[in-house]
Amino acid sequence: MKSISKIDSKQLTELELKSLKLELLFDLTSSINNNFSNNSLITIYSYILSEKLNINQFIFFLKDDKNWTIAQNHRTAFFAEVDPSKIFTEVIRPSKIDISLSKMFPDLQTVIPVFHKREPFAYLLMSAIDSESETYKKEIIDYIQVITNIVAVASENKKLFKNQVKQELFKKELSVAAQIQGMLIPETLPSTDKIEMAAIYVPNNNIGGDYYDCVKISECEFIFCVADVSGKGIPAALLMSNFQAHMRALVKVSRDLKHIVTELNKSMFELTKGDRFITLFLGKINCNEQSLSYINCGHQPLVIVNKEKCSALKKGTTMLGAFDELPFINEEKVTFLKKDVLSVFTDGITELENYKNDFFTIELLVKSIKENFDKPIDDINTRLLQTLNEFRGNMPFTDDVTLLTIRLK
């Protein structure tokens, strides 16, 4: 048998034509099985159409997520961005291109659609087949439809596999971030005959950047904080890890809240150059004086609650890391009496939303604390978490839930 290089309808016998079609199909599927890249696969497909099947001009459209792209344009003058699914809305099988589209696609005669679950995800527009035999033309078009389906499906599978790999990497990233974040949460909190503390931390799947801590300075003094870094994932977890290290180092050498805040802002700005920021509430409790000194750095107001009233703690400065120098710093000292409850929390609580698009407000938080005011602080926290769950119903937590409750004995 003579060597077969390309299809020539006037010379090839039926057997030779079948042989060539099988040979080309084998080459194409071998490329897929050998995991050739999408670009290589499209190049082979283009070579088969142009050099083996004598299709002089064609455009191959592929759907990339929600957008259509021209995967291959062979010898046509068409370079516009179009949505072929809107142009060929009625085309569900190989068909002649409507004469009304001849100006848009000159010299192209046939459109071959590829569908998946009734949705188009590929179109081949091609020029006429050089043959007078309608039977031969139909056979070649059917064959081209087969290989176009193969290429389009292979391309789609590669995208799905790539997305799956990305998802797996993302899951690993979340796992690493969760481990980093978990290391920041203190295993125990100071507890003496003068002060009691309890905390609840419910991490969110998205991995936020919440952090709380309390350091015993002396028998009667404690420095505590709650912080929330912008963003999520490993970058947020790493930044908060760095923040914790600086925080702990500063507290060891200084009890001056203004100095600590100033230095934290400097270190955060050097790291992020203003691209990320941290909200912080930094406080110092003196049990003997029954006082609380604090600086609120762009954090939402925390509250001191007793049976009669609630005090919001708002004074301070801007968020940390946003500016190379803080524009102002205000420190306030307030009374913190025995039996008062100090509620320390992040916006995972106050930005919790229910199905009615209502937010869990500070007023609801204070109400829950007052209703359980005389109970142990562990019970106050547990009841508040129950209230949060009742409020959200079937709606998910969208951020970490961090709650630190402090009371003087």
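This is a predicted model: local features need pLDDT of at least 70, side-chain atom pairs count only at pLDDT 80 or more; totals for chains, interfaces and linings use all residues.
Modeller: Residues are numbered from 1 along each chain as its sequence is written, and side-chain values use heavy atoms, with hydrogens and water left out.

Biologist: What makes the protein chain more spread out than a compact globule?

Modeller: The protein chain has nine helices and 16 strands, these being DSSP runs (H or I over at least four residues for helices, E over at least two for strands), numbered from the N terminus. Its radius of gyration, taken over C-alpha atoms, is 34 Å, well over the 22 Å of the globule rule for 409 residues, so the chain is more spread out than a compact globule; that rule is 2.2 Å times the number of residues to the power 0.38.

Biologist: Why is α8 called oblique to α9?

Modeller: Helix α8 (residues 362-371) and helix α9 (residues 377-392) pack at about 135 degrees, with axes 9 Å apart. Angles under 35 degrees count as roughly parallel, over 145 as roughly antiparallel, 65 to 115 as roughly perpendicular and the rest as oblique, and therefore α8 is oblique to α9.

Biologist: Which residues of α8 and α9 meet?

Modeller: With contact meaning heavy atoms within 4.5 Å, Leu364, Leu365, Ser368 and Ile369 in α8 meet Ile380, Arg383, Leu384, Thr387 and Phe391 in α9.

How values were computed:
Axes are lines fitted to C-alpha atoms, for helices over the stretch in contact, and angles run from 0 to 180 degrees between N-to-C directions.
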